[in-house]
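Work through the exercises below with the sequence and the model at hand. Each task is followed by a solution that goes step by step.

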Amino acid sequence: MPDFDAEFRDRFRQLLRWRRDVRHFKNDPLPDGLLEQLLADACLAPSVGLSEPWRFVIVEDAARRQAVIDDFRHANADALAAQAQGGRGSDYARLKLAGLVEAPVHLAVFAETDPEQGHGLGRRTMPETVLYSAAMSIFTLWLSARAHGVGLGWVSILDPDTVTALLDVPAGWRLVGYLCLGYPATEEGRPELEREGWEHRRPPEAHWLRR
């Protein structure tokens, strides 16, 4: 096993702190082969029963990308109306919640909901662990991207059924995340939602219990 010394652990902690949900991208394309390297790193994520249920769709077709952008705009308008009813409409309207137009890479991440690989191990009582496994692949991708200076934005303001139909994927695939990747327009030390006053981080001990 490699020696992950104190210096490495400190740099890894910096990587965690500097991981951002990026919404502002440069238009510059990624270098040849980098996306494939990031996807290979994502496949090192843990998965239930070693099922590796993640499925990546690189969305390059201009018409499909535009259809996803249109779906985001529709879903975002609905979300704005709901936030307005709760009294936070103006705050919500100020936020930039996706980089779909600027980002050079669109990547949809699906989970195969009943993969043959893994032979069902660990899924009998918690079948949703295939979704968790795909989410782990996204987080692994996120850290690898950040280590390469690439930003990642997770777009959740979409209708998953619409996006799934647009991408014409096999039956049994379930959308887990729609991602934008590219070089960030700026480097920020704090999450955008915190900078914009939408929410703030809480101390770590606020998130755990002892029993």
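**Exercise 1.** Decide whether Cys180 is buried or exposed, and state whether Cys180 is in a disulfide.

Solution. Cys180 has a relative accessible area of 0%, and is therefore buried (under 20%, where exposed is over 50% and partly exposed lies in between, with a 1.4 Å probe and protein chains only). The model is a predicted one, in which local features need pLDDT of at least 70 and side-chain atom pairs count only at pLDDT 80 or more, while totals for chains, interfaces and linings use all residues. Residues are numbered from 1 along each chain as its sequence is written, and side-chain values use heavy atoms, with hydrogens and water left out. Next, the structure holds 0 disulfides (pairs of cysteine sulfur atoms within 2.5 Å). Cys180 is in no disulfide, the nearest cysteine sulfur, that of Cys43, being 20 Å away; Cys43, with a relative accessible area of 31%, is partly exposed.

**Exercise 2.** Identify the residues that touch the most other members of the largest nonpolar core, and the element that gives the most to this core.

Solution. H3 gives the most, with 4 residues.

Key
A nonpolar core is a set of buried Ala, Val, Leu, Ile, Met, Phe, Trp, Tyr and Cys residues joined through side-chain atoms within 4.5 Å. Helices (H or I, at least four residues) and strands (E, at least two) are DSSP runs, numbered from the N terminus.
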